[in-house]
Amino acid sequence: MSKRLKRSMSLVLAVVMVFCTVFAGFTNEQAEAAQTTQAQMWKFDFGSAPAPAGSTGGPVADGYIGITGTTLYTPEKGYGLDMNLASRFRGAESPDNVINDFVLGGTNVPFVFKADIPNGNYKVTLYSGDLLQTTSTYKTKVTIEDVAGESINSRRAVESKAYHASVADGQLNIQLTGDGTFSVLNAVIIEQVLPSAPEGLMLTSISASEVSMKWTAVTDAVYYHVYRTTGGSEPSAPIAEQIKETSYSDANVSVGDSYTYYVSSVNAFGQQSPLSTASEAASIPMPQSPVVPTNLAVTEVNAASTLLAWGASAGAADYVIYRSDAVDGTYAEIGQSAALSYIDQTANTAIVQYYKIKARNGQVLSDFSAYAASTVYMPPIVLPDGDVKLFDFGKGWAADGYVSVSSAAAYSAERKYGFGDPAKVSFVDRGTADALRSDFSIIKDTSFIVDLPNADYTVSLIAGDLNGVTDISITVENIEKVKRLDGNAVRPAGQFLEMSFDIALVDGQLNFEFAGTAPKINALVITKKAERTPGELPTIYLAGDSTVQTYDPYWLPQAGWGQMIPSFFSENVIFKNHAIGGRSTKNFISEGRLDEVLRAIKPGDYFLVQFGHNDATISVPDRYASPADYKNYLKMYVNGAKQRGATPILVTPMGRRSFNAETGKFNVSFPEYVQAMKEVGQELDVNVVDLSTLSIAYYDSIGPAATLSVFLHTPAGVYGAFPNGSADDTHFQEYGAIQLARMLSAAIKQLDLPLAQSVKEIELPANVPAKPTSLIAGSISNAGALLKWDKTATADIYKIYRKLSSEPDSAYAMIGTSTLPTLNMGGLVEGNSYYVYVTAVNGKGESAPSDPIFIQTKSALYKYDFGTIGGVVEAGYTEVTRNTIYTAERGYGITDSTGMIDRDRGAGTDALRRDFVAYFGNSYEFKVDLPNGYYSVKTYTGDWIGSTKTNINIENKDYGTVSSGK
């Protein structure tokens, strides 16, 4: 080896060491670099080692770190190649030290350049090529951080391409591979890509206490830093870091100072953007004087303290309280409060004292408020005995015989009355001689509580103000008794609401909840009503939901067990069904329905209570009651009945049509509520009929298919209320309601109660009923007939089936049910003939069909097709349009068509059904002159594209509402 070669090698090593030291300086400061707002850059020049003057070798470009083919990566250097490479110097071709030399990888053999840099986003620029004129084309494939980039192709030139990369592990990896050629790398430039500086920084408000600002969001920002300068200084450390919103309020400001703000964004790598453009200067103004406080009042005077309250003052940070022993005396400061109330614990409550307050904002005080005077402390008296309780609310003198409620005394069991939250009560006196109407209390969003024996009471009240509006609502025992929404509880100045209402108390404590915009109350008088006496016959009251309620005939065949249970009892008892759909233990109370029962129920009566279906409806807050609340509500029903001498009986909610598809066994519905009701029965020693268990055992005994006749599953076109049929697994047909009533009655018969003696013999029959006999049809018209047959022993209900005689091989279809041995059958077609039979059904099942009968409908004498003017008319019908007005000469027509419309829905159906006349929201009359006699009338009502409801009245008889779907 020559001496020149040795010297060259030593020189190369020295240069490498120098540049390693420089680069290591950057890597040691990665944490700081990640926080800077200036982008960092690293530049590497690849080639042969620099040579002494006069010899060949590639010099390193200014500002670059030199990389030779033997510069291998080490953690100490923080950069380098993963293998030794050849290098070339083309100094004769170009004076540019960046491109005149390079390292050279093998054909199709990848090599990697590594650089330890902070995590973040980067722009990476690669230079690749050879300036030598005799050199062939180079194709270098590029992969950065495992992401393939565009290849660099060069021929007798050095080409450059820029790539974007993200570093998440502290090291950038650049892999180069020759694509059928050697791979060439001249230089690498790595530039940090910082997030964008936020734009649109603007101040949104400037006050004596804070400066608020906002800016436009930066796409890749995860949070923001806020900087502040004072007096033209440069921003240094942020005043707020990691702000996730695009707004900020600086509350650490001083009056008289001026601030300028900047914002930077920070991405997920912790890279911080340059600072935003400076905001406008924010000069902090002196605070304005707060508004003078109003509505100062002494709300309560206790033995050793006085309570004050007042309204909020605009601009106030807190309040200063002053006191004097004379109205025009010197007022001395006694304390401060940031709240709208104050307890004066140094008050002399043996004398009248006077108070004023000032609102304060920093060092700025408002003027004095108007004064408020205390009263001499008088210990509240204990509620007197007697059946009449009288309360006079206000600061003035109490009316004779009334308990004075002149301070916001909290309820106590010793006193037996008081307020739920005294802080929400204030008192006013207008200074007149009328002891009841001159003064009043304002009781907002809290309660007044009175302990009373359980009984019936009449509550009388006076509510009003000589000088202002009164707007009040009062809820008593969870029932809104005084309603402001209907206007009855709103009175202008000088007018008073004076009214009475009855309430049944069941928990020993009468709670009055007050609300409204001006809930002023002058007086309450609570009078116990006379004790109740038993009725001539026991009455059984029912409370429940839609599975219990009684339905009017329109809803056939839907029924509740409360509708059917009277048939299982003798005439020695009376039933009153208060059940109604959509109710739970909760809203049955809040709507006043429990109160209605408890105000009527008497000694010797019974109270059957079934809830659970709607209590479990968590999506409807008005109904929902948790199992724990359900228990508490049920106790009100039980105790209310007991306290009035009646006997409560709890009924667990029956099962829905819910079963295991594999086993066919039915599931327990609402199990938490079933258990909760049983627990109430045990805790209060009250009878519980477990209709849940009874119903599920019954469903299991007949199987899922048979329960279709129990629940409200009906075919389309049979029942007017369900024109499209129904598939309801909660509610019941008449047949199902009868079975539930039978089970419940049988269970009551087993109870040790006098009521058991009134239950009829209700054992399930051993067999299905015999087939019905003597089926006949009368009053046959063009559209219907009246069917009658003999009553069948043990039948609960009858089913009626028919089919066209012209289709002898077709199956009979059920067209209705009846609990009586008769049915007015409609829906027949004029001129057609039918076969009809009837079956009888009981809890055991369905009988064989009766002998079928043949029915031939008659032909109509008069037929009218109502429709559009000039529309298509059904053959054999007389046209009626809006212009067909009745005259004696014509003998038929509409009496008045003013406002009537007509529609034609096109040829999608027949001429009779496609068009119609209508009168939305009103009625019209069609007249026909006929000989006296009996007639059958058939109507077609409906709209081919929408639903309708049409009420029909013929010869002053209401035939009900006909509903139709599309």
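Leaving out residues up to four places away in sequence, Asn 660 touches Lys 665 and Asn 667, with contact meaning heavy atoms within 4.5 Å. Bear in mind that this is a predicted model, with residues numbered from 1 along each chain as its sequence is written, and that local features need pLDDT of at least 70, while side-chain atom pairs count only at pLDDT 80 or more. Totals for chains, interfaces and linings use all residues, and side-chain values use heavy atoms, with hydrogens and water left out.

Back to Asn 660: it sits in the loop between β47 (647-651) and α7 (671-684). (Helices are DSSP runs of H or I with at least four residues, strands are runs of E with at least two, and both are numbered from the N terminus.) Asn 660 is partly exposed at 34% relative accessible area; buried means under 20%, exposed over 50% and partly exposed in between, using a 1.4 Å probe and protein chains only. A polar atom of the Asn 660 side chain lies 2.8 Å from the backbone nitrogen of Glu 662. For a sense of scale, Leu 786 is 126 residues from Asn 660 in sequence and 43 Å away in space, C-alpha to C-alpha.

An α-helix has 3.6 residues a turn, so residues three or four places apart point the same way. Just after α6, Gly 645 takes a positive phi of about 80 degrees.

Ser 128, found in strand β7 (residues 120-129), is buried, with a relative accessible area of 2%. A polar atom of its side chain lies 2.6 Å from the backbone oxygen of Val 184. Beyond neighbours within four places in sequence, Ser 128 contacts Val 184, Thr 140, Ile 152 and Asn 186, among others.

On to charges: the whole structure holds 30 salt bridges, each a side-chain nitrogen of Lys or Arg within 4 Å of a carboxyl oxygen of Asp or Glu. Arg 437 pairs with Asp 434, closest N and O atoms 3.6 Å apart. Glu 830 and Lys 863 meet at 3.7 Å, N to O. That pair links distant parts of the chain, 33 residues apart: Glu 830 is in the loop between β55 (822-825) and β56 (833-842), and Lys 863 is in the loop between β58 (853-856) and β59 (864-866). Arg 914 bridges to Asp 904 at 2.9 Å. Here Asp 904 is in strand β62, and Arg 914 is 10 residues away in the loop between β62 (901-904) and β63 (915-918). Elsewhere, salt bridges with shared partners join Lys 631, Lys 635, Glu 679 and Glu 683 into one network.

How accessible are the paired residues?

| Residue | Relative accessible area | Class |
|---|---|---|
| Arg 437 | 22% | partly exposed |
| Asp 434 | 31% | partly exposed |
| Glu 830 | 24% | partly exposed |
| Lys 863 | 22% | partly exposed |
| Arg 914 | 16% | buried |
| Asp 904 | 33% | partly exposed |

Definitions and conventions. A polar contact is a pair of N or O atoms within 3.5 Å; within protein, one must be able to donate a hydrogen and the other to accept it, and residues adjacent in sequence count only if both atoms are side-chain atoms.
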